[in-house]
There are 2 protein chains.
Amino acid sequence: MIFFDSPNPAPNPRRVRIFAAEKGIALPSRELSIPAREHKSPEFLALNPRGQTPALQLDDGTVIAESVAICRYLEGLHPEPPLFGTGAKEQALIEMWNRRVEMILMPPIGAVWVHTHPFTARLPGRNAEWGEANRPRIEEAMRFFDAALAGREFLAADHYSISDVLLLTTVDFSTFIGMPVPEDLTHLRAWHARVSARPSAAA
Amino acid sequence: MIFFDSPNPAPNPRRVRIFAAEKGIALPSRELSIPAREHKSPEFLALNPRGQTPALQLDDGTVIAESVAICRYLEGLHPEPPLFGTGAKEQALIEMWNRRVEMILMPPIGAVWVHTHPFTARLPGRNAEWGEANRPRIEEAMRFFDAALAGREFLAADHYSISDVLLLTTVDFSTFIGMPVPEDLTHLRAWHARVSARPSAAA
């Protein structure tokens with residue numbers, strides 16, 4: 001098994017590293033530099049035609065791309081602790097919160113990153129007006145998660161789950177692009193401090 | 001259990017109806033009209049603060065929102081046939097293809113719909129340039145799925161899975177907004193004919 005990784009601030013490979021750390025799994029890995037465009041090399045495109053990290057190549061040659069898919073594979077191999085939940089209801093609520101992070105918070109962050117950030121200025125098809133229109137949506141999305149976290153220790157379940165991994169990496173990437181959590185979102189900030197204090201967050 | 005549904009062309013409630021039909025599950029349902037804004041009523045917002053259908057309210061009051069989360073709940077209750085797959089590898093590949101539909105094909109369709117379609121003209125924050133820029137991305141995404149389907153009967157596994165449900169409903173919604181599958185994408189078109197011929201597609 002080889003894990004194709006990229007260093008921070010790339011948020012998606014970090015999801016898998018945190019997940020593996022929570023499980024106590026050591027993944028043999030190869031690091032691809034995104035600034036050096038190593039994820040767009042012909043060799044890597046042959047493995048993942050999307051040209052994105054993370055990706056996990058199994059010993060039979062199968063390549064699993066997409067952060068959450070890799071985590072789900074690791075959950076199958078190492079069920080404990082059950083970070084995708086136990087039982088139909090808990091598993092469904094974790095899926096719901098995963099999707100809310102992906103569908104509500106990540107898109108405006110991605111839009112600001114791709115369409116306004118100096119680091120991505122060389123990308124084609126930038127639309128600065130669209131990027132700027134997404135700044136208030138980041139804060140609006142963060143307010144939704146703040147409200148959801150009132151009185152809760154973790155996002156989706158009564159224990160740490162992959163939903164916390166997704167929200168943590170997404171919030172940290174938002175800070176990286178210059179859109180940190182507003183001071184008055186005390187529930188989200190307290191949750192962020194809690195999950196950031198776990199050893200896995202250093203991944 | 002009550003399933004909060006909305007009629008076609010809304011793609012997300014249809015996912016759950018197809019999934020339930022494949023499982024042979026009859027869901028007691030209540031229909032909310034999106035044109036009549038019934039999904040934004042105070043009563044429904046109290047159940048799902050996102051104001052979106054589908055949503056599933058359980059007998060204990062828990063509300064599961066998000067189409068794939070509802071499907072995962074139904075899979076837990078009715079494991080056969082296993083539409084989320086069996087075993088770590090197959091489950092991970094289905095997750096990968098689900099995410100590819102959501103992350104590659106659905107966003108440009110959503111952007112064209114929200115930012116250019118006459119039906120959504122009353123929505124605030126439209127950016128027609130951004131909408132138009134997404135038209136070629138729909139075709140580009142469809143080409144990716146066409147290539148992936150060469151020599152395959154189903155998208156993610158050697159049997160019908162939720163990934164096929166997501167791709168079917170997304171392609172059909174693209175047709176609804178005026179962006180059908182190009183004629184030369186023969187693999188995608190043949191797959192679409194196959195999955196559309198299943199009784200569940202009428203849902």
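Which residue stands opposite B:Gln57 in S4(B)? Keep that in mind while we look around this predicted model, where local features need pLDDT of at least 70, side-chain atom pairs count only at pLDDT 80 or more, and totals for chains, interfaces and linings use all residues. Residues are numbered from 1 along each chain as its sequence is written, while chains are lettered from A and ligands numbered from 1 in the order in which they are written.

Start with the sheet of chain B. Four strands make an open, mixed sheet, ordered S2-S1-S3-S4; strands (E, at least two residues) and helices (H or I, at least four) are DSSP runs numbered from the N terminus, and two strands pair if DSSP finds at least two bridges between them. At the edges sit S2 (29–31) and S4 (63–65) of chain B, each pairing on one side only. S3 (55–57) of chain B runs antiparallel to S4(B), joined by three bridges. And the answer: B:Val63 is the residue facing B:Gln57.

Now for the two chains together. Superposing chain B on chain A takes a rotation of 180° with 0.0 Å of shift along the axis (RMSD 0.0 Å), fitted by least squares on C-alpha atoms of residues with pLDDT of at least 70 in both. The two copies are therefore related as by a two-fold rotation axis. In chain B, B:Trp130 has the C-alpha nearest that axis, at 3.4 Å.

The contact draws 26 residues from chain B and 26 residues from chain A, counting residues whose C-beta atoms, placed from the backbone, lie within 7 Å. On the chain B side, H4(B) gives the largest share, nine residues.

Note on methods. Contact = placed C-beta atoms within 7 Å.
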